[in-house]
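Subject: Structure handover

Hello,

Here is the structure for you to take over. Please open it beside the sequence; my notes follow.

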Amino acid sequence: PDETLKAQAIASRTYFLFKKQERKGEAFDVRSDTLDQVFKMDAKKHKKIVDAVNKTHGQILVSQKSSQIFPAYFHADCGGGTSQEKVVWRQPTSLNVEVKDPYCQSASKNNWSHFVEKNKLTRLLKDIFFLPFGVDLKSILPRLGEKSRAHVVDFVFSKNIVKRLEANEFR
């Protein structure tokens with residue numbers, strides 16, 4: 001719907017300006033990958049999106065408390081609900097709250113898996129954690145937070161070694 005496209009245009013514009021302000025003095029404003037943005041579109045085929053961007057020209061979101069640019073985080077697929085950024089990035093920056101999204105529950109990317117051979121994963125983890133020779137990975141224990149999402153992952157190795165990674169870092 002047009003109003004949805006307008007809301008996304010405003011959120012995208014606001015996020016860009018927030019990141020530009022956050023990275024003031026750096027060599028770039030936003031990254032060109034999934035950490036900041038990825039959007040490819042043929043403008044001729046998606047005239048409604050271009051119209052939404054034009055109709056909302058100059059509109060951004062600001063915090064009611066501080067009148068500062070609101071960090072309008074967004075994503076392609078929330079898996080049925082959003083998380084507060086303090087849970088995801090461990091750095092609260094706004095008053096964003098969790099929101100259930102019934103429309104996102106059936107999205108194609110909600111449930112995914114990625115297979116990595118144990119030997120390859122063990123080698124990668126040994127490099128990350130600087131583990132001694134002869135240590136083997138025994139088990140992986142996701143520590144579930146809200147909405148049964150893993151926010152921390154514990155790796156149990158032989159010789160009673162346990163190491164931890166933030167789930168985002170592990171991904």
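First, how the elements are named. Helices (H or I, at least four residues) and strands (E, at least two) are DSSP runs, numbered from the N terminus. Keep in mind that this is a predicted model.

**Overall picture**

The protein has five helices and three strands. Read from the N terminus, the order is α-α-α-α-β-β-β-α. The protein has 171 residues, and 26% of them count as buried. Take the contacts in the protein with a separation of 6 or more: residues 24 or more positions apart account for 44% of them.

**The start of the chain**

Pro1 sits in the segment before helix H1 (2–22). Is Pro1 buried or exposed? Its relative accessible area is 72%, and the cut-off for exposed is over 50%, so Pro1 is exposed. Pro1 and Lys48 are 47 residues apart along the chain. Their C-alpha atoms are separated by 9.1 Å.

**Helix H4**

H4 has 12 residues. From first C-alpha to last it reaches 16 Å, close to the 16 Å expected at 1.5 Å a residue. Which residues of H4 are buried? They are Leu121, Thr122, Leu125 and Phe129. These residues cover an arc of only 100 degrees around the axis, so they lie on the same side of H4.

The face of H4 turned away from the buried side carries exposed residues: Asn119, Arg123 and Asp127. What covers the buried residues of H4? The cover includes strand E1 (137–144), E2, strand E3 (161–166) and H5. Just after H4, Phe130 takes a positive phi of about 55 degrees.

**Aromatic pairs**

Rings of Phe, Tyr and Trp (its six-membered ring) pair here if their centres lie within 6.5 Å, and planes over 60 degrees apart count as edge-to-face. By this rule there are three aromatic pairs.

One of them joins Phe129 and Phe157. The ring centres are 6.4 Å apart and the planes stand at 75 degrees, so this pair is edge-to-face. Phe129 lies in H4 (residues 118–129) and Phe157 in strand E2 (residues 150–157), so the pair ties together parts 28 residues apart in sequence. Buried means under 20% relative accessible area. Phe129, at 14% relative accessibility, therefore counts as buried. Phe157 is buried too, with a relative accessible area of 2%.

Phe155 and Phe170 also pair. Their ring centres are 5.0 Å apart and their planes at 65 degrees, so this pair is edge-to-face as well. The pair links distant parts of the chain. Phe155 is in strand E2 and Phe170 in helix H5 (residues 167–170), 15 residues apart. How exposed is each partner? Phe155 is buried, with a relative accessible area of 0%. Phe170 is partly exposed, with a relative accessible area of 33%.

Taken together, Phe129, Phe155, Phe157 and Phe170 form one aromatic cluster. Phe129 also belongs to the buried residues of H4, and the cover over those residues includes E2 and H5.

Over to you.

Best regards

Key
Residues are numbered from 1 along each chain as its sequence is written. This is a predicted model: local features need pLDDT of at least 70, side-chain atom pairs count only at pLDDT 80 or more; totals for chains, interfaces and linings use all residues. Side-chain values use heavy atoms; hydrogens and water are left out. Rings of Phe, Tyr and Trp (its six-membered ring) pair if their centres lie within 6.5 Å; planes under 30 degrees apart count as stacked, over 60 as edge-to-face and the rest as tilted. Buried means under 20% relative accessible area, exposed over 50%, partly exposed in between (1.4 Å probe, protein chains only). Contact means heavy atoms within 4.5 Å. The expected span of a helix is 1.5 Å times one less than its number of residues. The arc is that of the directions from the helix axis to the C-beta atoms.
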